[in-house]
Amino acid sequence: MAETRMVKFEVLRFRPESDKEPVFETYEVPCMEDWVVLDALNAIKDDIDPTLSHRWSCRMGVCGSCGMLVNGRPILTCAAFVRDYQGTIRVEPLSNFPIVRDLVVDLESFIHKIKSVKPWIIRKIEKDVAEGEYRQSPEQLEEFKQYSMCINCALCYAACPVLAAEPEFLGPAAIALAHRYNLDSRDEGNASRFDALNDGDGLWGCSYANECSQVCPKHVDPAMAIQQAKLTDALQFVHVLPKKSFT
Amino acid sequence: MEISRHDIVLVGGGGAGLRAAIAAVEADPKLTVACVSKLYPMRSHTVSAEGGAAGVAREDDNLDLHAYDTLKGSDFLADQDAVEVFVEAASRELVQLEHWGCPWSREKDGRVAVRAFGGMTTKRTWYATDKTGFHMLHALFQTSLKHDRIVRYDEYFATRILVENGRAVGVAAFDMRTGKMHAVLGRSVILCTGGAGRIFPFTTNAAVKTGDGMALAYRAGVGLKDMEFVQYHPTGLPGTGILITEASRGEGGYLKNNKGERFLIEYDYGVGGKAELGPRDMVSRAEMREFQAGRGFKGPYGDYVHLELMHLGEEKIDKKIPFVRELARNYVGIDPVFEPIPVRPVVHYMMGGVDTNLHGATELPGLFAAGECACVSINGANRLGSNSLTECLVFGARAGNSAAAFAKGSSSGDEKSALEQARAEAARLDRLRGKHGGEKIAQIRRELNLATESGCGVFREEDSMRAALDTVTQLKGRYADIGLSDRSLIFNTEVVQALELGNMLDVAETVALSALHRRESRGAHTRTDFPTRNDGEFWKHSLVKFAADGPHLSYKPVTKTRWELEERKY
Amino acid sequence: MSAKHFGPPKTPCAPARKPSGFPLGWYRYRNYTIFAATCIPMAIAAVELIVGIRALGKGEAAWDAWLASLATGPMRALNIVCLLFAIYFAFRFGWVGRKIAAGRIGPVPKPPLPMPILGVAPLGGFATLWLILFIILGGFV
């Protein structure tokens, strides 16, 4: 039998039908050497406490479902290795989001914010499919590629101190996504996204905490996207730069 | 009980589902589509596809060649008319996705780049570095956001297709958030719920791949076709089963045994000059035979072989397959620039699924299906890598258009019977939550996994398949006595797991039954007791249908248009 | 269309929890809090300058009196603290924003706006900001 080590997990539970507020429960889980925290949560659900609710799917860091706080830090639990932690491991749902149940948070505001920046290709005249692809050089692709890597895990939202005080702040992922489309050479929709961005709760809510980029598991660097977008936005606001993107 | 009325009800929000939704709303400016998904759409398993999507792109390529490669890859079990339709629409769909913002990797002149892939005679696999599925899904999801007529029901779990007067008129789905059952009604229903890899213990598949849509269609009386054909992907990480894309071989990676030999060249495994780029079923079998011959490396999760990428160099790896490097470092602690990655065959894709024609229509009027959960069939007995992402787009669009046309041409039902069925589902769900019983979900799931692994693995034979089928039937009996602890309504994931387990048991039964009765080896279905292909008796699709006294197996003919059957040698 | 109207949650939820270690527990949040707190010494400096400008308007005697008041011990100490906060602010601002200039304004291949002083090296913006600060504060200009 493979070797296991008993690890103590303190997991925040919240059952809205019976609990007034969230409460920690402790579980002892026999963990294998190469387990991630997600494996332990699944072991708890399968064999110890089936009433634990948590989200997960791909377990390889690309679907973005399993973001939680482990020892206070936002991380994908499928990428948080048990061997990297000492002592009791504390698992909580993402900060800055209302808690629906146990480790599951309400992400509707996140989805709404993503949609509000119009994250799709906007063009005056669409090319016919029969004419083939838009030509885009590898350099043009590099411009926005990093920002297109966002898996919508919302760890950046959990980390952002601005969101703690102002839940209506647009947030790093939404702004980075808007910036990804603004930088895409095929897009002409800069002007359509302007109003969503150029708002006290849009771009300008960001006050350089930079924690979003620190926690992003895909190295999207949303903080950089926001600051670049701020520069563009400011120049557009004073009409030094036109709002329509170059194509 | 909540009732929602739309024109089209779509179950599943992955690559095929979102493509179908967009196709449906673009087909008619008045139609609304309810997109019912147990996940937020961008979490769908399409997101983990890595290698690429095939479509004729270069001047030296043509549709007939792509069709022939696909057909040969399928061991000639694919329906040739469907394959013709597929290859014809492939590039167009991929260009459409590019117009919707998908960041395909490019050549220097700005055109879309293509790479080599297993079983393809020339380069025709479009790719977005090595996260193609991710970029495709996000492009589709973000594009779908601009259509207000696509109304999403996120984290709703569909438990039954509502059938009225012999027509599919919607689904009963419960809101995982509130626990309440909804009747989502429409004039046509599309299933795009993906495959069922989770019936096996080692799989590249996500937790959610539990064959829900297949089970829904099956219980509604629609046949599941070619279920015995389960694709093992040759390069999955041992233990976790995490996918290491075929693109790593497409870019020049080698597979080596414990003697340092490129065993696909050294020994005769039928792949000929293609070596590592042979079709997946052949490469997986080769690896298993290497293990049997004692030439595999031994590890805590079983035998494995080495995938060597060192000779590609750091620059090429970082440029073409950076995600492979990241996965190897994170999950096995190996940097492929310096060391080989341990890999072994893991379950990856179900060639079989809901029986549809090439318009995505099933035999139940108003019910359509597309993507991995459907079987048209273009993949036959074995799928070529990079065909399935394109399949999602081509048949997702076709199913969306067909469902839109059907909805336009139908009237709404009178709803009475549909709502009764939905209420019955609500009662069933209430009984299931916190149900008393002696069996545990996790235990039955584990035993199911053991049964499928031993009976329906890479190599199969009569006795172990029969045993597996018997075990599954027994497990279904034990499932009736399942005990649940969570009585709550709000975000109860235990009851979701119980429902998924029920779906997996139904699907596994069809897999074991079809496999047992196909007394030949074809494509991914390899039998040690019937090791050759038998076109005379078995050039036909298997079809399993639900019946009260147990599943009924029958067969359907394969459609042939232009290509004659051949021996499958590379 | 703003992001503000996303409605109340569907089921009774526990309130959102604040990020762990904010404002002073986690070292990066601590840095950020100090960074944000520089607004206080900046406000003090602004008040001082306003008093000084008023004194300027009142004539040379008032101006000299104000300058003399700045030369006292406590005022010097206060101003040194303000200066330290300002340097910290400039350092962190430049560091967090160091890649702005490396990015493009709008997509390629159109030429970027003529802002040669910011340059395109990753640390260009950071270095330029410091250069400007040095030139102005050092009295070279």
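Modeller: A crossing is called left-handed if the near helix is turned anticlockwise from the far one by less than a right angle, and right-handed if it is turned clockwise. By that rule α1(B) passes α11(B) in a right-handed crossing. The model is predicted: local features need pLDDT of at least 70, side-chain atom pairs count only at pLDDT 80 or more, and totals for chains, interfaces and linings use all residues. Residues are numbered from 1 along each chain as its sequence is written, while chains are lettered from A and ligands numbered from 1 in the order in which they are written.

Biologist: What makes a stretch a helix, and at what angle do α1(B) and α11(B) pack?

Modeller: A helix is a DSSP run of H or I with at least four residues, a strand is a run of E with at least two, and both are numbered from the N terminus. On that basis residues 15-27 of chain B are α1, residues 387-408 are α11, and the two pack at about 40° with their axes 7 Å apart. Axes are lines fitted to C-alpha atoms, for helices over the stretch in contact, and the angles between N-to-C directions run from 0 to 180 degrees.

Biologist: Which residues make the contact of α1(B) with α11(B)?

Modeller: Contact requires C-beta atoms, placed from the backbone, to lie within 7 Å. Among those that qualify are Gly15(B), Ala16(B) and Ala27(B) on α1(B), and Leu389(B), Phe395(B) and Ala404(B) on α11(B). The contact divides into 14 nonpolar, five polar and one charged residues. Nonpolar covers Ala, Val, Leu, Ile, Met, Phe, Trp, Tyr, Cys and Pro, charged covers Asp, Glu, Lys and Arg, and the others, Gly among them, are polar.

Biologist: Why are α1(C) and α4(C) called oblique to each other?

Modeller: Angles under 35 degrees are roughly parallel, over 145 roughly antiparallel, 65 to 115 roughly perpendicular, and the rest oblique. In chain C, α1 (residues 27-37) and α4 (residues 73-96) cross at roughly 120°, with axes coming within 9 Å. That angle falls in the remainder, so α1(C) and α4(C) are oblique. Their crossing is left-handed. Asn31(C), Ile34(C) and Phe35(C) of α1(C) meet Tyr88(C), Phe89(C) and Arg92(C) of α4(C). By class, this contact has four nonpolar, one polar and one charged residues.

Biologist: What makes α2(A) roughly parallel to α6(A)?

Modeller: In chain A, α2 (residues 108-116) and α6 (residues 172-183) pack at about 20°, with axes 9 Å apart. The angle is under the limit, so α2(A) is roughly parallel to α6(A). They cross in the right-handed sense. Lys113(A), Ile114(A) and Ser116(A) of α2(A) meet Ala173(A), Ala174(A) and Leu177(A) of α6(A).

Biologist: Why is α9(A) said to be largely enclosed by the rest of the structure?

Modeller: A residue is buried if 20 or more other C-beta atoms lie within 10 Å of its own, exposed if 12 or fewer, and partly exposed in between, with C-beta atoms placed from the backbone. In α9(A), 13 of the 16 residues pass that test, so the helix is largely enclosed. Residues 222-237 of chain A form α9, which reaches 22 Å from its first C-alpha to its last, close to the 22 Å expected at 1.5 Å a residue. That expectation is 1.5 Å times one less than the number of residues. Just after α9(A), His239(A) has a positive phi of about 60°.

Biologist: How do you know that Gly278(B) counts as buried?

Modeller: Gly278(B) has 24 C-beta neighbours inside 10 Å, so it counts as buried. Gly278(B) lies in the loop between α7 (263-266) and α8 (280-292) of chain B. Its C-alpha is 5.1 Å from that of Gly118(B), 160 residues away along the chain. Leaving out residues up to four places away in sequence, Gly278(B) touches residues including Gly118(B), Leu264(B) and Tyr570(B).

Biologist: What share of chain A and of chain C is buried?

Modeller: Of the 247 residues in chain A, 60% are buried. For the 141 residues of chain C the figure is 13%. Chain A has nine helices and seven strands, whereas chain C has five helices and zero strands.

Biologist: How many residues of chain B are in contact with chain A?

Modeller: Chain B brings 46 residues into contact with 43 of chain A. The most comes from α3(B), with five residues. By class, that side of chain B has 20 nonpolar, 16 polar and 10 charged residues.

Terms used:
Two residues are in contact if their C-beta atoms, placed from the backbone, lie within 7 Å.
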